[in-house]
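Hi everyone, thanks for making time for this.

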Amino acid sequence: MALLALGINHKTAPVEVRERVSFAPEQLGEAMSAARDHASLQEVAILSTCNRTELYCATELTDIRTVLEWIGRYHGLDPAELEQCSYIYRDEEAVRHMMRVASGLDSLVLGEPQILGQLKNAFSVSQQAGMVGAELGRLFQHTFSIAKQVRTETAIGQNPVSVAYAAVSLAEHIFADLGESHALLIGAGETIELVARHLKQAGVRSITVANRTLARAHALADEVGGEAIELSAMPDALPRADILISSTASQLPILGKGAVETALKKRKHRPMFMVDIAVPRDIEPQVAELDDVYLYTVDDLTEVIEENQRNRESAAADAEAIIEAGAHAFLSRLRELEAVDTLTALREQGQAICDGELEKAMKLLGQGRDPAQVLQQLARGITNKMLHQPTVQLRKASSEGRTDLAGLVQELYQLSPPAERDN
């Protein structure tokens, strides 16, 4: 069975494509079931974030593009268009890729820690849906172990950076004094939590958190000394917002051009800085057409992020070495497990031969035959039957010119050549 990792990410596809291929949390169970049934996957897990959508699979498929075709059909996307911006990794490459993703080496922000939690959540969801078996289960667990090793043994996690951090860094370049600015955060998930903490550390004293679930908004607002409102109250809060950062799981934009125009009039056209971290996007692209609005998406944070990446490149080299060793160890263990089935079958065959010959010997003893002769016959019978098929196959292989098999038998049974036995 092959291990596959395939999908798209921020390096291969623009946000316009990524948002069309993303899976909402409530879709995952049904989507994995559909992938298993329509793409002939034995095991599957889906990771869908703002920067990537990836499937991790165990399958007996030979034409693995079938999986990409299913993704295209599921999202109403031309498979040919999807294939142009996708990647497929198989077996060893898939193992290495998954470890790089978990360790933050394939992230938009090099070494960012969020992806490991997102990957663990993808594994958990897949487990609950009954889509993970022995193959993916071993891969995920080993991957988590390697990612932890990377975090503890390299400097990749020092001075944490993320898309959230990059967004706040950009705000610091635009506003002379963040302490005088009011921030409106839309959403209350992990990314917005990080944004809120970074804003507070940067000196922002006035923060409003808007979320569909008011209780979650309150929990985050209390942590940073801000206020919480329901998402429906966002239009009233807009005019106060100097900084607006949004990251929700909504499949449709929640902030339109008209609402922002109204807010700007009430602000007397004081500038607004907006960052839309969500995929699919929370803020209509047309908002960027308005004067006095500075709208950025995750793709616009590249310059800020590249500076952070340069500070982590030496640590990334150390991390790559750990991942290479981890991938090698995992694949070695897989090969060992593959041999277990063969060894089990060999032992069962040997035991069956012994049991059969022992049964014959017991009957002969019951008939009063000489015990010494019965024991000789027992030993001869076991030897002949154990060696019959290997002897037949070895002679056949030699006649066909497959001389390597004789060498393998000598290695397996630790046999010395006749010339060495004579010395």
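This is a predicted model: local features need pLDDT of at least 70, side-chain atom pairs count only at pLDDT 80 or more; totals for chains, interfaces and linings use all residues.

Residues are numbered from 1 along each chain as its sequence is written, and side-chain values use heavy atoms, with hydrogens and water left out.

Now, pockets. Rolling a probe the size of a water molecule over the atoms shows where empty space is left. We work on a 1 Å grid over the protein atoms alone: a pocket is an open set of points where a 1.4 Å probe fits, with protein on both sides within 12 Å along at least five of seven lines, and lining residues have an atom within 4 Å of a point. Grid points are joined across faces, edges and corners, and a volume is the space filled by probe spheres set on the points.

Which helix gives the most to the lining of the second largest pocket? That is helix 15, with 9 residues. This pocket holds about 940 Å³ of space. Its lining has 22 residues, and those nearest the centre are Leu346, Met386, Pro390, Leu412 and Tyr413. Helix 14 (313–366), helix 15 (371–399) and helix 16 (404–413) are the elements that each give two or more residues to this lining. By class, we find 14 nonpolar, 5 polar and 3 charged residues there. Here Ala, Val, Leu, Ile, Met, Phe, Trp, Tyr, Cys and Pro count as nonpolar, Asp, Glu, Lys and Arg as charged, and the others, Gly among them, as polar.

The largest pocket has about 1,200 Å³ of space. It is lined by 44 residues, with Pro25, Ser48, Gln118, Thr248 and Ala249 closest to its centre. Helix 6 supplies the largest share of that lining, 7 residues. Sorted by class, the lining has 21 nonpolar, 18 polar and 5 charged residues.

On to salt bridges. Side chains of opposite charge can pair when their charged atoms come close. Our rule asks for a side-chain nitrogen of Lys or Arg within 4 Å of a carboxyl oxygen of Asp or Glu, and by this rule there are 24 salt bridges. In one of them, Glu19 meets Arg281 at 3.2 Å, N to O. Glu19 lies in helix 1 (residues 15–21) and Arg281 in the loop between strand 9 (272–276) and strand 10 (293–297), so this pair ties together parts 262 residues apart in sequence.

Is Arg281 buried or exposed? Buried means under 20% relative accessible area, exposed over 50%, and partly exposed in between (1.4 Å probe, protein chains only). Arg281 counts as buried because its relative accessibility is 15%. Another salt bridge joins Asp37 and Arg36 at 3.5 Å, N to O. Asp37 is exposed at 52%, while Arg36 is partly exposed at 33%.

Last, the cysteines. How many disulfides does the structure hold? It holds 0, where a disulfide is a pair of cysteine sulfur atoms within 2.5 Å.

Technical notes:
Helices (H or I, at least four residues) and strands (E, at least two) are DSSP runs, numbered from the N terminus.
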